[in-house]
Amino acid sequence: MHNVSQQIGDHSDAKALPMRPANQVMQLNRLGSLHQSRISFMRTLVRRMVAENWQISSPVFDLDDQGYGTVVYQIDAKYGTFSYVLFSHYLDPERRNDRVIADQWDLTMALCEGTVDTKQLDFLRNNVPKQEAGRVDSRVLVLSRANRSARLFDYVVNELAQGSQPEVDMIADVGYLYRTTAAYGSGKLGMADWEKVWTKHRDFARPFAAEMFTCYMLRHFSMQQADYLASQRSPTKAVALHEDIKRYIGIGNSTGLGMAPFLINHPLLINQWIEMRETALATAVAASESGIDQDTLLRFDVSIQRVIQHLNEIFTADERQSRANIKVGEELQVLHAWLNEQGAVLVENHYVWASLTQYAEQHWLTETQEVINTLLIELYPELVDGLEENMWVEESYQVTPEMSVAELLEVIEEKYDWALAIDFSKYESMGAFWYRSQEKMEPRLGQTNVDMGMEKEMPLGIGRRVRECYDRIYVYNQTSPNQDVAHFVVQNPTYSGIVARIQTMAQSQYGDIRENLVHTDVLPIHLLRCKLSFFGVSKFDPRSRLWVRNTMFQGAPLISDFGKVFADDWQFPIKPNVISE
Amino acid sequence: MKVSKNELLASLKKAFEALGFQPGDYYDAADMVVWLETHGFYGFDRLLAALTYLNTTVPVHADLVQEDAHNFVLDGKGTSVLLCGSEAVDLIRSQVMKGSCAGLELINCYNRTFIVQRLIKAAQRNLAFIAYWRQQDYCVKVSVKPGTHLPEYQTFTMLDVVDPQSLRIFCGKSLDAIEEQYVAELEFGDLLDTFSEAEMADSYRNSLEEGIEIDESLWKTLDSLVARVLVQSTDSSRAGAGD
């Protein structure tokens, strides 16, 4: 411990930390260790709703005594009015399936612009429950569905009906009453295009804001329905769910491979997200340049203890994640002890956070490093929250035709050194392939020369495509020195796509994910977690290397909290201390 | 029926992929179709005409058959601009980025109106374009100023005999510079019609607000093409999705 203190506390050569380099940040393993941050989409949405005091009413709340029926919530946000239309159906438990290929759900929902009249409600009733098998129109921003956690939902309703609150430990085991299995937006199934959303609806003019809001409203309904059913069952005896327990209830989510191609096919957008997060981190680290005050130090220590408790309260059957959670907890305990031991000295020192992050990089797990980074960002809301406005970029991939092929070779050697370092002559380097299934076009991962569909492979193996392109250009440059890229593309038109990607991404700071995504042992789960961290989920529970369960909005404020003073510290949720009344 | 722009783009990309287009080509081709349709240029009708050809042959790209310091000739070998339009624009762009104006003739090609989207995209890099081609017994002229998102689209009577399947493109730092350098090549007859920027903008706004009207049979045609890139589902493949 003393040794640790000496090393972290030694600031003699510390200086302002620059942005971390791409070869560190864009490693898949690190991206798969990220946690939500202040600029994650759920966090920014909640801040906006609370600060702007969005008004939410339910002009239609037509449920039968089993909780089935129709509910319409009206949302009066700062700039516009929206309707959240929800249909609650009986679902045979045998048919409850969280996979994309399911065709029936407990709940189906649509977020619409404006108010909804009877005619539109009938239209939605005929289409929303069908999800992918139905069609909606451009008045709809998001389409979603959810399945009940039968175990927890029934337990909670029973307890409330009997006049008592559910055990928090039971809530902690599951974390939600419903889990969403999809939230579609961006024009799918006839819905409004993202371009319409961001140009017309300022309330949702940030990436995935409307989709996240749909999940937030599902959380609200899930608790309202539980209260409603308990009161239906025992009108005189039932109690409402305690507000602290409500805040601790989130929405479950299962995410599979459907999310993975997005990160590969939108590298400019992913670059933007990463760059903003790295800017937030660099800003936080630089904020300790002239020392840190006692209050900041105390808040940091409190947040570390909170994460330790959060990790202790997570159960995951995944051995790798379970071991990581334990190890992260242990390393954070070391940090907690060091803060207590060195606190008085630290406030006097310069660049404490730079020294801390450097120490963590040298000694602790990547997961621990990223927890610390997230917590550092939390300390400086006034410096980093403004970055939330820069999370979108218009994507355009274009060839730079006047560039010489010799220069393009240099660009690849510099920016895609990671791709050139992969030995694609090894079988395992091309041991997997991505394809779309006939079942709802679900992306799947196949085994080379084993599974069907290689001839229909999706072009997600960016490293391999870069390698092939490089080899082709190299030969071309031998025979046609001093030629430009335009001539190369005319003579080799099948490479135009990868050339445009290389030349476009070379101008960005972080660019492509540095991993061979067609390797036999590729871990797509890291891709999923990266994107989910930007959504703002918590409690990652990998179910295999291909899909992960997690919890959305657990710990977040309730609608009844809107307009009130708000600490915005609901990340890493922990069990509430609820005193029985 | 109505579809969204994103939905249409996604479907078209996969449909062109099914027709053998490579990554890059199918992105560009989808963009070209959607741009024309959403801006009121009957992109779907032109797509149907293109599919008749594309559905019966492997993708063919243009060959560079002639070039000097300022001019190129590409032979499209009967292919669609959906396949060779990007290469043509990139080629002429490369020349202008290095010097002054340049001209390109794309011979033996079809579906030439699709070139408008490529010109608009390229114009965002501060370049101007003028393109023209013969359409039946009149001539179409498209002018794009640097940085603009809508072209000037005019039709004229023909002064000279213009090859019925060729497309001429001129590029420079400004429209004035192009007009000055290629004054002889840019002489047209009487102005017949103009498709105003306001009409294009209205069409686009409406597409975004209300969705894009598409004939159900065309949507089904696209669906059947998309089905070609999908892989049959089996118990084994479900395991590859996390089962």
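These legends walk through a few close-up views of the structure. The model is predicted, so local features need pLDDT of at least 70 and side-chain atom pairs count only at pLDDT 80 or more, while totals for chains, interfaces and linings use all residues. Residues are numbered from 1 along each chain as its sequence is written, chains are lettered from A and ligands numbered from 1 in the order in which they are written, and side-chain values use heavy atoms, with hydrogens and water left out.

**View 1. Two crossing helices in chain B.** Meet helix H1 (residues 5-18) and helix H2 (residues 25-38) of chain B, whose axes come within 8 Å and cross at roughly 135°. Helices (H or I, at least four residues) and strands (E, at least two) are DSSP runs, numbered from the N terminus. Axes are lines fitted to C-alpha atoms, for helices over the stretch in contact, and angles run from 0 to 180 degrees between N-to-C directions. H1(B) and H2(B) are therefore oblique to each other; angles under 35 degrees count as roughly parallel, over 145 as roughly antiparallel, 65 to 115 as roughly perpendicular and the rest as oblique.

**View 2. A covered strand in chain A.** Seven of the seven residues of strand E4 (residues 107-113) of chain A are buried, where buried means under 20% relative accessible area, exposed over 50% and partly exposed in between (1.4 Å probe, protein chains only). In a regular strand, side chains alternate between the two faces of the sheet. Leu107(A), Met109(A), Leu111(A) and Glu113(A) lie on one side of E4(A), with Thr108(A), Ala110(A) and Cys112(A) on the other.

**View 3. The partners of E4(A).** Strand E3 (residues 81-88) of chain A pairs with E4(A) in the antiparallel sense over seven bridges; strands pair if DSSP finds at least two bridges between them. Six bridges join E4(A) to strand E5 (residues 140-148) of chain A, also antiparallel.

View 4. Most residues other than glycine have a negative phi. Phe208(A), however, has a phi near 65°. At 16% relative accessibility, Phe208(A) counts as buried.
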